[in-house]
Structure formats: C-alpha cells, structure tokens
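Colleague: I am new to this structure and would like to be taken through it. Could we start with the strands and then turn to the contacts between chains?

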Amino acid sequence: MKAKAITLNVNGRRHQVTLFPNVTLLEALRDLSYTDVKNGCEKGDCGACAVELNGKVINSCLVLAWQADGAQILTNAGLGTMESPHPLQEAFADAGAVQCGYCSSGMIMAAKALLDENPNYPSEAEIREAISGNLCRCTGYTQIINAVQMAAEKMTQQRAQE
Amino acid sequence: MLPEFELLMPRTLPEALEMMDESSRVIPLAGGTSLLVDLRGRISRPQTLINIGGLDELRGIRVEEGYVVVGSAVTIADLKRNVLIAKHGQVLQQATTVFANPLVRNRATIGGNLAYGSPAADAAPPLLVLDAEVELMSKDAKRTVPLKEFITGVRKTVRHPRELVTAIRWPIPPEGSVGVFHKLGLRKANAISVLSIAVMLHRKNTEDYAQVRIALGAVAPAPIRVVAAEELLGRGPLTPEVIARAAQLASESTQAIGDIRGSAAYRKRVITALVQRLLTNLAEGTKEKKHNESKGYHS
Amino acid sequence: MTVKGKPLPQVDLPPLRQVGRPLRRVDALGKAVGATVYAGDFTMPNMLHAKVFRSSEPSACIKHLDVSKARALPGVACVLTADELPDGKLITDMPGQTGQERRKGSDAPVLAARRVRFVGEPIALVAAETLAIAEQALELIEIEYEPLPGVFDPLEAMKPGAPVIHEPDNIVSSWKIRKGNTEAGLAAADLIVENTFHVPFLDHAYIEPEAGVAWVDDQDVINIRVCTQVVEHFRSIAQAVGVPHNKVHVRGTMIGGGFGGKEDITVEIFLALLTKETRRPVRLAYTREESILAHSKRHPFIITHRTGVKKNGRITGAEIKMISDSGAYPYLSPYVLLYATVTSCGPYRIDNLKVDSVSVATNNPFTSAFRGFGGAQAAVAYEQQMDEMAKALAMDPLEFRKINYLKTGDSNAIGQQIKSAVWLEEEAMQALAALGEKKRVSDDAIKIGQGFATTMQSYGRIMWFHDTSRSWVGIEQDGTVVVRCGAPDLGAGQANSLCQIAAEVLGVSLTDVTFYNSDSAVTPLAGTTTATRQLYMSGNATLKAAKMVREVLLDRAAEHFKEEPNSLDLADNKVFIKSDPQQWLSLGDLSKMCAADGLKLQHLALFAAPFADKLNPENLQGDIFPDFTFSAHAVEVAVDTQTGEITVLKSVGCHDVGRAINPIAVEGQIQGGSAQGIGYALMEEVQVRDGVTRTPSLSEYLIPTAKDLPTTKAIILESGTGVGPFGAKGIGEPALTPAAPAVANAVADAIGVRIHDLPLTPERVLRALGKVVG
C-alpha cells in the first residue's frame, strides 16, 4: 500500500497529512486530535462520528480520508467552545439533552444540518427525521428535540437582530 | 480497521474507464456505505478500489428524449429533494424518504445501491416499476440493460468487471400515473428491509384499464417484478376480487427465506396483505380521481 | 380508560436554593462542545495497541494453541496466553465491597487455558506498535479446538446428563420464598390464573464501546484510564495481575453509557497485564462487534406465575417459578436472581407466596447486571399477570390492582416493612390521565390499545453487603468549593447531584463547585455506580461532609458577628445574619479567617447504609434493601393487524422520586429509561443460536431511533420520604422497570390476545392473531 499526502481543512485549520488509502476520515480526524468525533460502531449504524463534509453531514467512518482530500470539514468542536458555545451546544447543555454525552457531537451536527436547511421552528417530526441516524441510549430523544427547538428559536432571534 | 487496498483516484470518467480497463479486479467505490462496511467486516477483500463518487459525468438529473436520466453517483439525498424526481419518479422519491437514515443518504448513491446487488436494495423496487434501465460503460463500449435483468442473484449483477454503472434511466411515466412504495422494517428508521413493495398504476390517456406494475424487495435472491400478478391485473377493472388474487400471486411468486428478521411464512403473509392494501388504495384513488388519503401510521 | 387524577397527599418540602432547580449540569457544556475526554480519546507517547484473541467456539477444549508466528511478527511487542499469567483468575462478583468473601465457583479465567465455554471467551492478548499490526497478529494465531458437547438452553442444562459448565452442576444459584401457606391460599381461590413469560438476552448498547489506556509509572504503579462503573476493581485487578493492591490505580473517565455493562471488569486486567509486561503504555478499544461479544448481557428469564384470586379481586396466593440463563460464567447472576425473586410478585400484598428461582449455567454469552437487575425482568411477568387476572375477573386493571397494592407500613414479599411512601395508585391514575382518551382511527386494520404497569424497584445495595460511601467536601480560600468523591459518573448526572447538594449546603452556586471523581487513589472510595445507589449513598456522604464544613464556617462566623450559629445562614456566596442580612461576610473572607485560625475546611465523611445479616436462601425472610421506588408507566399503541407493526403513540412515566435534586436530570432519566423499556418490549434481542450470536452489530441488534419513540411525558412526584439526601429516592433503574410491561399490556389491549414472549415483533403479533402459521 502506498501512502499519499492529502489536505484536510478541519474547523478552519489546514492539515497536511500523509495517509494510507485504507484510513477512514474518522480515523484521520481522531489522529489529528479531533476526538470530539466519536467511534461508536464504524459502520454507519450509530451516527456518533457525524461531521460536515463540504456542507453535508455524513458518517465519517464511511468516508476514506483520501476521498476528503481538499474538502472543508466541520466537527462539533469547530462549532463552539466552552467560552463561546454555539446556540445548539448551549441548548443541549441547558435542556438536559446531554447525559453521557457520547452521542452529542454527532447529534449536534445532524441537528445543525436540519437548522441550516430549515431554520425556522422545525417541527418535532422534522427533528426526529433529521436525527434518525443518530442513536442515543440515554435520553430517549425528548430533551434533544427540546434543545433543537430552543436553539432554533434563539438563532432566529439572533438573525432578526442582525 | 479496513484491510489494505490500493485506491485509484481518477479525475474524469474516461480516466476511470481507462484504469478499469487495465485490470479486471478493480472495484468501484462511490458512497461507500455498503462497500466499506463489507471491507471492514472482511466479507470482501478487493485489492484495488477506484473512487468514482466525485466524477462530474456521473452526477446530474435530467430529462432527455422522454427519459429521466440520473447519473449513477447521484446520492439518495439528492434524489429525495429533486423536483424532476418528484414529478417523474415519485415512487422512487418515496423510497428515498425511508432509505437508511439522513447521514447515509448524503453519501449512498443510486448506482451503488443497484450495483451492490442486495436483494433488499430499497431503490430497486421503485426503479423496477418505473421500468428503469442501467447504463454501463467500459473503455470502448456502452450498453443499456433493463434493471429487471441487471440484478441476477444475491450480490450478483451482470456488470462486467471492467464496466461502470454510469446512469440509470426510465421513461417518463404517462400523465396520471401514480405509485406507492412501502418498506417494512423492524423499526421505523435506519432498518434493513424485512420486505419492500413498489406498486405503480400507469394511466394511459384513455379510460382503458391502467397497467399495473408490482415489484418486491428482500423476498427473493434479487428484487423482482411480479409479472403473473401484473398480467392478471391488466386484464380488466381492479375489483377487490382481482386485487386479492393478485396479492396472492405476489406472495406465491416470492422465494422468501427465514432469517433473524423474520420467517418466510411471515413475509409471505405480509406481502399478501400489503400488496392488497396498496393496490386497493391506489385503485380507489384512481377510480374516484380523488387525492388518496393516507391511512394508518406510516409517514 | 379514562381516570381522573386524585389529589395527592399534601407534602411540605422545605424550600431549597440549588437542590430542586433545573440547573445546567456541571458536566453538560464540556460534553456539548466536544471537550470532554472519554476513555478511548486518550493517547500517550510510545503507546502500544492491543487486541484480544477470542474463542470462536461455544464449548471446546483448546487442543493446540500456537502464538509463535504472532510473536514473531515485526512490530508485535508481546503476546500473552494463560501460560504466562500468574494465577489467571478474574473475580466475577461483589465488586466494590470490603470484607466479603469470593463465592466458590464464581471465578472466570482472565484468559482461557484449556477449555472455552462461550463464543468470545478471551484466549490471548496482543500488543503491537500499530492497531493494524495487532490485527494482523491475531490472524497469525493458530488454534485447534476439540468441540465438546454444549448446552444452550437452561431447561436442558438442568436435566441430568446435560454437559456441565462448571462442576459439580449447572445450578449457579437458587433462592426460595416460603411465606404463609400457598397451598391453602390457592385452594381458597375462586380462580387460578397461570401464565409463563419469556424475556430474551439484551445488550446494553451504550454508544461508547469499552476502552482504556494503561501505563506503569515511576512508583511502579499500574495506572488504568478506563470507563468503568467501579473503581474498586483495583483490588481484583491487582490480585489477577499479581501485584499488591496499592500498586493499581484506576482512573475512571466520564462514561459514555454504562447501564450495568461496565460494572464488571472489562478491559482493565488485559491492559494491566500488557503494560506490566511491556513497560509501555497500552491502549485497548473494543469495536462494537467485540463489545457485543465480550461484555455481559441481560439475563433471559422464564417466569411462571400461578396465582389464586377471589371474585372480589383479592389475591389469595401465588406460586412463582423463575429460571434465568447465567451463561458461561456466573458474574452477578446470583444477585440478579435475588432481585428478581424479591420483587417477583410485584408491589402487592400477597400473604401466601411460594417462589422458587434458579440461575442456570449454559454455553451462552455470560449474563450480569443490566439496569433493573432482575427487577425489570420480574416486572415484565408480574404486571402482565396482573392484567391477565383482571381480565379473567372482568375487572378494570387499575381497580384490581388497587385492591392488592402494598401500602406504607405493609410488608413485602420477604417480610420487609415498607417505610417510605407508596404512591402507586396516584401514579397510575396520573399516568393514565395523561394518556387521555384512546385515539380514534378509521382504518379497521389498525387497533389502538392502552396499557400501564406499576412496579417496585429497590435503590441502594443489598444490606448484607454493608455498603458505605465516602465524600470529601472542601471550601477554598476564595469561597469556591471542591467535591472529591469516588463515584463514577455514567452520564446520569451522578457527579452533578453531589455538586448541587454541596452548593445547597454551603450557600454557593452550582457553577462555584468543581468536582473530582472516579479515581481509586485520589478520591475517597464511594462504591459502585450500580443498584441506583449513588444519590442515596454518595449524596448522603456529600451532604454529611458539606454540613461538617458548614458547621466550621458558621461557628467561626458566629464568633465574628457575636451571634449564635443558628441565627446565621449561607447563601449567595455569603454568610449573613438571618434577621439582618445587611451584616454579611463573603465566604472567601470567612474561609481565609478559618484558615488563619487553623480550622479544618475540608471534611471527609462516610455514609453507611443500614447493615443487615445475610438471609437464608431457603426462605428469604427479612430486610434486604434500604428502600424501594414505586413507579408507574402508561402507554398507548397502534397495532397494524395486517403487518403486525406496533407504533407507540403516547408514553407517560410517573415516579415518586422522593425529592428531585435536579428535575431536568430526573426527567431525562424517566425518558431515557422508558426508551430502553420500549426497546425491550418491541425490538431488542440478542439472538443466540447454539451459543453463536446472530445479532453482531447495531444493524441487527436494534435499539429505538428518534422515529421509534413518542415524547415521553415525565411526571415527577416528591413524597420526601426517601432515605437519600433531602428525602430523595432513586430513579436510575426504576425509570426503566415499568415501561416494557406497560407496552406489553397496551398491545394485549389492542389485539385482544396476550403475547408471552418479548420482544413483541411484528411477526409475533401476526402469529398471536393466527395469521401466520408454520
């Protein structure tokens, strides 16, 4: 197997890495210290590894790093920080949507994808659909839905003020 | 961890076909949602993969000479929101709404779903009732194969090792045609089909009896058209008796197996019930030219 | 059924400032922004990667094992088999306790030596420079099995002549209850109802697979960073590895879900052995498939109820038989069986009760703790049995239960008096009221059903374990607070509750509290995060410690203000005179004053649960658990009688939690627990045939997605009668216990016939309706 130099733009940072072809984007991101991207199943069943790849939320375990060469990648850690959290992250923290937290990064990315497409007051059914590929074993999803609706409300208000 | 393999990264379709011509052991990779899972599970161990998901020539949805033509690398998510598909491939669009989950849909491709050749491929039954064809290209040749001849068995297709599935096409259904897709899984999202059904009524311009097409998934080694039932239904008006008999024929035409998701007997029974239900709903809608009210709890 | 809510007994709980408020949990934001580091997120320089070689046979002798090729592979640092291990035994029961003896026959080998008893049993360990090399090395291990006859059904395993898993026989454990005179009780009945229920193997399916990193430090201490519910395993780890207890340091992480599956030792001993051997850091992370194969499962049970009842609805006697599948190694099977036995008849007054329960070894995957711990399985049976009896009597299911409910002051199945509030009636009524009228549908094929279940689930461990917990609370010289407590946090807010309690007592905000937890060397040992015990045990310990700090502060402040301590209070980071709040000191200044006087501002408190003696297994009569949580859950379902598909339309959980430390967290537990219960009822099953798991990943083992569940309405009641801090009870396990039987009862209501096996798959529905045969 021959390794190749590729470029991964992650959360606004440019990484040049030399990788074998059989390395998944999940593995590459975690090796670059983006450990907010979680390994839950490595086969697309759980959504814990969800990241945005060129604007689309996908399972990073099902993308080869080479396939993401030159791409723009956004992970949950790129959305906000403890000092300055994204409204979704804040809402998750406040609504009880975070229990063990292991699904949270992937879940937030899936929720963000929904709000990008449907920013104004997504319905419960729309939210359930959008996160149907993200398994949560702790919350039963209700407080996650509350959080997404809270975040949508806040983000709509913020946009109105701008 | 994935096993070792070489990965070819062509930038154009001709380059891809050239690379595939050089070896008969190159496996095409697009969305990877089936293939990479197999590789990780050591179900297959190809030496070389060729990345075709990003090739521009394999994307795009257009209408051409009375056909809808969809590039093989078009994702299920793209199909789900496309207006041409809404208009001319509504039964396929229904399937996209219950296909896997939103994350997988953003990567899985229509070509990949067919080329993988699973008997449970959710895109197959709708495309079968749309009378779809698969376009295959190799370095020096191009051919079109009817979808009903494309998948021949479990994970078997007629694609030659040096060929790529480049597009899927179907004739624009006549005005007033209506179809429905139903997937049965053991949970309401992110589930492998226990069985799936696509039914379509093709209306002609006159008040002639509508042509019915029925396709089933996950109940035979390949997705199938239920020709016997279609012939019966095409002979006269869609009465409850004829529908019941057709549903029975559909069930008998299956080669359902028992597996961890259900027994053969269960699948056969539900095929009968669901084909009957779907045909009845469609027939009532067509007869009364009324918008069909959705019943039950299936969104 | 429509039921009006009854007014609740008036409870006056003292007003609190932090406790009882829906505050953002202390760990929530770190997790939400992806900053929290989980066990699999740690890396160290010079780190090796480990893999475990596991048995592919359910029952076999290892005729020949050759790891030489694996050892010789470049990049492999070491390969360990049973031959290289000192003693090689893994203690499989009673973690987290001192002074308890290991039971005979309860040990599993760390690595199988000559015999394997289940598919997935560990045989060898590999550590290599990269994960890829470690995986390659696994493939180079050569093994020859000689299959032995295996047994895969507990009923078969109990028969004479069955293959024996562990000498002398396959009976791992048994318990009996002989209360009153059951023969007479049944004879006096007007009606006898008999049913047998089956529940399957379940997987915990936490989203975080097991993982950890271990290294040896400059004091020769083996450090293990791991997601574990029990840091006290350091003793068993030390024993298995052959080092003194004080040479193992377990550094627990924030766990990505436990539910009992990370209660037994998982990766710890493997890591310890490899790091001890190589003297380099070693990382081991299970794949999902490996997790499903390697860790415990929920016990399958066969439960038979034979109950006598009078026409007026009074139960006269009950005979219950329970058989659980212990799998290939005992682990916590005896205790799961005990819990099931004690709650076998449910929260009902039954004076004549005969229970025989047995846990049986097989060559199936081993079974152990899973949220509910036998109580959940028992509830699936007893609540369906109650509905069946009501049906036989043509009585309303709730009216029938009301005639038989335990009340405060009554004794339960084993004669333990219930001292706390028993609000079963109120809970059932509130849950049913929240369901409202049955949905109307126009489609004949769709049937709507409503059902409920009322259950009891203990909180706090078995009292003959002499359970204790310790917490250390201190105030810094700037008035901020530190809590150190060994309690592992599963994700259910265990750490947060302790912080909220400390904040309450010391008059600070939750954001002024920092916690350190789950460290076997550096935080006071608080016992296992299991058995719904942490709020009760560590909450009380923290309360105690915080009060000790408070007393020091108030005494010193009293001197300063020249007042009595009880005329002062702590709030808003200040100490002040209650009758004249303009006179105050900041807590920072007060702490500095205390420090200057050499006063003790950090206090370690121990909380001990009541100690009791071990009960007689031939007739369990006495006190076992500190207390119980009584719960209700109600569900409305739609059943498609042509396909068998079941949709849960509404779900309501109503629980008396004594006192909700954080209502949002309690709601979250109720919603999450009921989601697991709904999964249990409808779709979860680890299918095992001849010892082989046929549901190896999350594609085959199905847990509910967001589209499979409605919003669960959580109704929190607070009686203030729990033995936890501020009158709290426990909610972790009780949240799950009533949900599965509620669904089963709703489905039976919808289709008019009872399905006796879980999960209620679409196929089972059609078979119950007679639509599928063969």
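**Strands and interfaces**

Modeller: In chain C, strand E1 (residues 48-54) pairs in the parallel sense with strand E14 (residues 282-285) over 2 bridges. Strands count as paired if DSSP finds at least two bridges between them. Helices (H or I, at least four residues) and strands (E, at least two) are DSSP runs, numbered from the N terminus. This is a predicted model, in which local features need pLDDT of at least 70 and side-chain atom pairs count only at pLDDT 80 or more, while totals for chains, interfaces and linings use all residues. Residues are numbered from 1 along each chain as its sequence is written, chains are lettered from A and ligands numbered from 1 in the order in which they are written, and side-chain values use heavy atoms, with hydrogens and water left out.

Colleague: Which residue in E14(C) is the bridge partner of C:Leu48?

Modeller: The partner of C:Leu48 is C:Val282.

Colleague: In which sense do E11 and E14(C) pair, parallel or antiparallel?

Modeller: Strand E11 (residues 211-216) of chain C and E14(C) are antiparallel, with 4 bridges. In that pairing, C:Ala285 in E14(C) stands opposite C:Ala211.

Colleague: Turning to the interfaces, how many residues of chain C are in contact with chain A?

Modeller: Chain C has 56 residues in contact with 46 residues of chain A, where contact means heavy atoms within 4.5 Å. About 3800 Å² is buried between chain C and chain A, 55% of it on carbon and sulfur atoms. Buried area is the accessible area (1.4 Å probe) that two parts lose on being put together, summed over both.

Colleague: Which three residues supply more of the area that chain C buries against chain A than any other three?

Modeller: They are C:Val33, C:Ile207 and C:Ala706, which supply 17% of that area.

Colleague: How many salt bridges are there across the interface of chain C and chain A?

Modeller: The rule finds 6 salt bridges there, a salt bridge being a side-chain nitrogen of Lys or Arg within 4 Å of a carboxyl oxygen of Asp or Glu. The side chains of C:Arg24 and A:Asp94 meet in a salt bridge at 2.7 Å, N to O.

Colleague: Which elements give two or more residues to the side of chain C that touches chain A?

Modeller: Those elements of chain C are helix H1 (28-32), helix H8 (288-294) and helix H16 (663-682). The largest share, 8 residues, comes from H16(C). By class, this side of chain C has 24 nonpolar, 19 polar and 13 charged residues. Ala, Val, Leu, Ile, Met, Phe, Trp, Tyr, Cys and Pro count as nonpolar, Asp, Glu, Lys and Arg as charged, and the others, Gly among them, as polar.

Colleague: Let us move to chain A. Are the residues of E3(A) that point either way buried or exposed?

Modeller: A:Ala50 and A:Glu52 point one way from strand E3 (residues 50-53) of chain A, A:Val51 and A:Leu53 point the other way, and all are buried. Buried means under 20% relative accessible area, exposed over 50%, and partly exposed in between (1.4 Å probe, protein chains only).

Colleague: What does E3(A) pair with?

Modeller: E3(A) pairs in the antiparallel sense with strand E4 (residues 56-59) of chain A over 4 bridges, and A:Val57 in E4(A) is the bridge partner of A:Glu52. Their hairpin has 2 residues between the strands, and A:Asn54 in it takes a positive phi near 45 degrees. E3(A) also pairs in the antiparallel sense with strand E5 (residues 72-74) of chain A, over 2 bridges. There, A:Leu53 stands opposite A:Ile73 in E5(A).

Colleague: And how much area do chain A and chain B bury between them?

Modeller: They bury about 2500 Å², 57% of it on carbon and sulfur atoms.
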